[in-house]
Amino acid sequence: MELIIVEDYDALSKEGYRIVEAVLKAKQDACLGLATGSTPLGLYKEMIAGYKKGLSYKKVTSYNLDEYAGLGEGDSQSYRTFMNENLFSHIDIDISNTHVPDGKNANLESACRSYNDMLAKNVRDIQILGIGVNGHIAFNEPGTDFESVTHVVELSEDTVLQNARFFDSASEVPKRAISMGIANIMEAKAVVLFASGPNKAQAVYDTVKGEISPRCPASVIRTHAHSYLIADKAAAALLQ
Ligand code: PGA
C-alpha cells in the first residue's frame, strides 16, 4: 500500500483524480468501483471537470459499493440518487452502464446474488473507497470477514448516527443495507482509499499501523498489490 499524505481536502481530491484519470486514459472502457459519502465528492468534481475538458465516459461502466435497503431510483436519500446527482448526470456516461445494488428488491438476498454475479463478470479497474470513523469500508463494519461478498448488512448504531446528517433525523436512516463484501472490493485491480478530517485520524492510524484484521476492515487494503491510502494532514495526524 502506498501512503500519500497531502495538505488538505482539495489536494486529496486532485491526487485521487490523478490516479483515476490515468486509468481512464489508458482504457476508454474502464470499469470503475464507486463510493458515496462526503469524501469522494471532490474527486467527482474533478472527474466532471475532466469531462468538460474532453475526457469521455461513454464506454465506462461503474459498480457502486452499497445501497440502503428499501431505497433506490427516485428516493432523495438513496445512493443511486446521490450518484446521479453528484456524478452521472454531469458526464456522458451511459446511465444503463452504471450499477448500484438493488435496495428496492423485495428479496434482498436475491439482489445480493445478482450483484455478485455481475461483479464476477466485470472486474473493476479501480475501486474508490472512503473510510468510516470505525474503519469500515462500504458497509463492512468491524468484524466483517475478509472473504465476504455482497451481503445484507445490519447497520451499526455508530454508522446510523454518522449517516443521520444526510436525513432529517437518525430514526429515518434505514437500518439495513446491501454492501459489496471485502472480497469483492479486493478483486479490483487497484484500490484507492480516501481519508479526510480529524474524525478519521484513529481509523487511519489503525489502518496503517494496526494489525491487519477484521477489527479494522480498511486494514485489508495493506494486503492488496496495488493500493493507495490518500489522507489529508488532519486524517494522518496520529501517524506523525
Ligand atoms: P464519509 O463516509 O466519506 O461521508 O466520511 C465514509 C464512510 O463512512 O464510509
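In which strand does Ile5 lie? Ile5 belongs to strand S1, residues 2-6.

## Basis of the model

The model is predicted: local features require pLDDT of at least 70 and side-chain atom pairs count only at pLDDT 80 or more, while totals for chains, interfaces and linings use all residues. Residues are numbered from 1 along each chain as its sequence is written, and side-chain values use heavy atoms, with hydrogens and water left out.

Helices (H or I, at least four residues) and strands (E, at least two) are DSSP runs numbered from the N terminus.

## Sheet

An open sheet of 3 strands runs in the order S4-S8-S7 with antiparallel pairing; two strands pair if DSSP finds at least two bridges between them. Strand S4 (66-68) and strand S7 (151-154) are the edge strands, each pairing on one side only. On average, neighbouring strands of this sheet are turned by 25° against each other, direction ignored; axes here are lines fitted to C-alpha atoms, and angles run from 0 to 180 degrees between N-to-C directions.

S7 and strand S8 (residues 176-179) are joined in the antiparallel sense over 4 bridges. Glu154 stands opposite Arg176 in S8.

## Surface and loops

Ile5 forms a nonpolar surface patch with Met1 and Leu3, with about 220 Å² of accessible area together. Ile5 is partly exposed at 37% relative accessibility (buried means under 20% relative accessible area, exposed over 50%, partly exposed in between, with a 1.4 Å probe and protein chains only). Patch members have over 30% relative accessible area and no salt bridge; like charges are joined within 9 Å and nonpolar side chains (Val, Leu, Ile, Met, Phe, Trp, Tyr) within 5 Å.

Ala138, in the loop between strand S6 (126-130) and S7, is buried at 10% relative accessible area. Its phi is near 50°, a positive value in a residue other than glycine. Most residues other than glycine have a negative phi.

## Salt bridges

The whole structure contains 11 salt bridges, each a side-chain nitrogen of Lys or Arg within 4 Å of a carboxyl oxygen of Asp or Glu. Arg18 and Glu15 form one with closest N and O atoms 2.6 Å apart; because they are 3 residues apart in helix H1 (residues 9-26), about one helical turn separates them. Arg18 is partly exposed at 46%, whereas Glu15 is buried at 18%.

Asp125 and Lys189 form a salt bridge at 3.1 Å between the closest N and O atoms. Asp125 lies in the loop between helix H4 (108-121) and S6, and Lys189 in the loop between helix H6 (182-187) and strand S9 (191-195), so the pair ties together parts 64 residues apart in sequence.

Note on methods: Areas by Shrake-Rupley, 256 points an atom, 1.4 Å probe, with all protein chains shown as cover.
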